[in-house]
Amino acid sequence: MLTVLLVPMLATQAAAASTQRVRTPAADSQPKPNDVVVHDFVFGDGESLASLKVHYLTLGKPRRDASGAITNGVLLLHGTAGSSADLVTAYFFDALYGAGEPLDLSRYFLVIPDVIGAGDSSKPSDGLGAHFPRYGYKDQVRAQHQMLEQMGIKHLKLVLGTSMGGMQTWLWAEMYPNDMDGLVAIATTPAAISGRNMVWREMVSQAIRGDPAWQNGNYSKSSPPRNWINAVIPLSAIMTGSAEQLQVQGPTRATAIGLVENMETKGEAYDANDMLYVFESSADYDPAPNLQVIAKPMLTINFADDLTNPPEFLHMPTASNYTSVLIPAGPDSYGHMNIAHPAVWASALQSFLERSPLPVAANVEVHK
């Protein structure tokens, strides 16, 4: 039977406390950047790239077995329009990566990729623009799997993803069901995107495609489309934020207008094609028909005030290997953006790992 847990309100209050006690990562825990190049990568629709670059960060030290394979790897996956940098903030070090925390760096070797289309991985804005192959979430997962193979990781202790990364975690569970010991999907539902979430995504697509400067994606870098930003960025803040936090940030008419203007200014850092591709890449996401193949223990964490994935439409499966946690809303909750505040959900992760331990051998040589 599906285990459903309602995390106490104290968990949400931890997010505010964490803002007062976050610490800077220690020098020996600095993220280490690297790249792999996947040659002749073929996408699901048959298009291909001769060289697909996948950029990633690592934390911790790899441990290897007698064959040289890394045995303590953990794959962490970021959300839509984000990058690996989202998962190496001081909030994550404070709540997850320290001594005794759920993903203690003395035990685990964390691998945090930029997905296709994001960060320093291959993306449309690198030069191909609208000629960049259309990719889906399944392409992302296959690229991540090939990245790990090149790194010498054949089996993972854990796959953990937030938002889009959580959806890719469901696909990892189905596409490579024996390649990990456990899985954690945060702020997701195992069903095709629909309803309000799909309406939002279609509005994003239409805003970009309808921008007069978009020119079917063939715009120059010197005159990129900008009108779409005024609709997409504030709308995304409404969809992923919480009413309480937006009220705090914009308590008056003037401050709310200023908040929107600030969002739009920051939104100019986004490339229109990159944004369009990443939002439309969810079209192939629908793990519902194949949930029966998931064999490893899996934790799902969702939030009661998440407009993107409302609790009444989560479609969670009922099987003994699933544990589902719903964290209630509160004054210090951030809606969908609780994904960026791991102090809110770290205790749920810790409890899951204690019930489904991911042992790491202590007597294996550590290689830098």
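Helix 6 and helix 8 sit roughly perpendicular to each other, a label that covers angles of 65 to 115 degrees, whereas under 35 degrees counts as roughly parallel, over 145 as roughly antiparallel and the rest as oblique. The packing angle between helix 6 (residues 227–240) and helix 8 (residues 253–267) is about 115°, and their axes lie 9 Å apart. Axes here are lines fitted to C-alpha atoms, for helices over the stretch in contact, with angles running from 0 to 180 degrees between N-to-C directions. The model is a predicted one, in which local features need pLDDT of at least 70 and side-chain atom pairs count only at pLDDT 80 or more, while totals for chains, interfaces and linings use all residues. Residues are numbered from 1 along each chain as its sequence is written, and side-chain values use heavy atoms, with hydrogens and water left out.

As for the overall make-up, the chain has 10 helices and 9 strands; these are DSSP runs, numbered from the N terminus, with helices being H or I of at least four residues and strands E of at least two. Of the 368 residues in the chain, 54% are buried, where buried means under 20% relative accessible area, exposed over 50% and partly exposed in between (1.4 Å probe, protein chains only). Among contacts (heavy atoms within 4.5 Å) with a separation of 6 or more, 80% join residues 24 or more positions apart.

Back to helix 6. The crossing of helix 6 and helix 8 is right-handed, that is, the near helix is turned clockwise from the far one by less than a right angle, anticlockwise being left-handed. Helix 6 brings Ile229, Asn230, Ile233, Pro234 and Ala237 to the meeting, and helix 8 brings Val260, Met263, Glu264 and Gly267. That contact splits into 6 nonpolar, 2 polar and 1 charged residues, counting Ala, Val, Leu, Ile, Met, Phe, Trp, Tyr, Cys and Pro as nonpolar, Asp, Glu, Lys and Arg as charged, and the others, Gly among them, as polar. With 14 residues, helix 6 reaches 21 Å from its first C-alpha to its last, close to the 20 Å expected at 1.5 Å a residue; the expected span is 1.5 Å times one less than the number of residues. Buried positions in helix 6 include Trp228, Val232, Ser236, Met239 and Thr240. The buried residues of this helix pack against helix 5, helix 7 (243–249), helix 8 and helix 9.

Helix 5 and helix 9 (residues 272–280) tell another packing story. They meet at about 150° with axes 10 Å apart, and are therefore roughly antiparallel to each other. Helix 5 passes helix 9 in a left-handed crossing. Trp200, Arg201, Val204, Ser205, Ile208 and Arg209 of helix 5 make the contact with Ala272, Met275, Leu276, Phe279 and Glu280 of helix 9. By class, this comes to 7 nonpolar, 1 polar and 3 charged residues.

Helix 3 (residues 137–151) runs to 15 residues and spans 21 Å between its end C-alpha atoms, close to the expected 21 Å. Its buried residues include Ala143, Met147 and Met151, and the cover over the buried set includes strand 2 (32–42), strand 3 (48–59), helix 4 (164–175) and helix 5 (195–209). Aspartate 139, found in helix 3, counts as buried at 5% relative accessibility. Setting aside neighbours within four places in sequence, aspartate 139 is in contact with Phe41, Val42, Phe43, Gly44, Ile116 and Arg134. Following helix 3 comes glycine 152, with a positive phi near 90°.

Helix 3 and helix 4 pack at about 70° with axes 9 Å apart, and so are roughly perpendicular. Contact residues include Tyr137, Val141 and Leu148 of helix 3 and Met164, Met167 and Leu171 of helix 4. Methionine 167, in helix 4, is buried with a relative accessible area of 7%. Beyond residues up to four places away in sequence, methionine 167 touches Tyr137, Thr188, Ile193, Arg201 and Tyr285.

Most residues other than glycine have a negative phi. Glutamine 215, however, has a positive phi near 55°; this residue lies in the loop between helix 5 and helix 6. Histidine 315 likewise has a positive phi, of about 55°, and is exposed at 52% relative accessibility.
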